[in-house]
Amino acid sequence: MRPLTEREIRAAFVNCTKGEAKRLSIPRDLAERPWDDLDFLGWRDPQAPGRAYLAIELDGRPTAIALRCPGAASWQTRRSMCSMCMTTHTGGVSLMTAARAGKAGQQGNSVGAYICSDLACPLYVRGKKDAGVGARMPESLTLEEKIRRTVTNVTVFVAKVAAR
Ligand SMILES: [Zn+2]
C-alpha cells in the first residue's frame, strides 16, 4: 500500500471521536514500515493493551478503525484461525470488535472478527513472519490469490465498520 503519514492516519479514523483520533498512539516508525508488503497497517496500542487499530485504503481513501480486543486470558492458549488471512496460531488470534461509525456505533452497534493479535496478516500471508508449525493449511491458491483474499476480507470488515 501507499505509505501513510501520521496526519493522514489520524484524519482517517471513522469510528472514534476527533479527540480520540488525535490522542491515540500511532506507530513512531511509520517510515520504516514495510509498506510494499502491507495491504493494511495494523498495530496494537502500547499504552492501552485492549486496543488495536487498522488503516487501509478504501475506495482510494485512507480509512482507519479503532478496535477493542479482550485481555490475554481468553485467547492465550486456544488454537484459532484469523478470519482475515487464514493463519492459525496458538494464542495469536484475538476476537476484535469495532464500534460502527456514526449513529449505529453510538447506539452500541459493533462488528467483530477473529484477527491475528499483532495484526500482521499481510506478513503472515507473504511468509515474511512465521506463525509456527501448522500455521497455514495446504491450499492450492497462489500467493497473489491469498493476498487478494486477505484484502477482500479486511476491506469487507472495514467497510462494515465504516458503514459505506
Ligand atoms: Zn491474520
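Apart from its neighbours within four places in sequence, V158 is in contact (C-beta atoms, placed from the backbone, within 7 Å) with L54, I56, L58, T63 and I65. The model is a predicted one, in which local features need pLDDT of at least 70 and side-chain atom pairs count only at pLDDT 80 or more, while totals for chains, interfaces and linings use all residues. Residues are numbered from 1 along each chain as its sequence is written.

With 20 residues, α5 reaches 28 Å from its first C-alpha to its last, close to the 28 Å expected at 1.5 Å a residue, the expected span being 1.5 Å times one less than the number of residues. Buried in α5 (20 or more other C-beta atoms within 10 Å of a residue's own, against 12 or fewer for exposed and partly exposed in between, with C-beta atoms placed from the backbone) are T150, V151, V154, F157, V158, V161 and A162. Seen down the axis of α5, these buried residues fall within an arc of 135°, taken from the directions from the helix axis to the C-beta atoms, and so line one face of the helix. They pack against β2, β3, β6, β7 and α4, whereas the face turned away from the buried side carries the exposed residues E144, E145, T152 and V156.

Two of these partners, β2 (residues 51-58) and β3 (residues 61-68), pair in the antiparallel sense over eight bridges, pairing requiring at least two bridges found by DSSP. Within this pairing E57 has P62 of β3 as its bridge partner, and in the hairpin, with two residues between the strands, D59 takes a positive phi near 50°.

Terms used:
Helices (H or I, at least four residues) and strands (E, at least two) are DSSP runs, numbered from the N terminus. Two residues are in contact if their C-beta atoms, placed from the backbone, lie within 7 Å.
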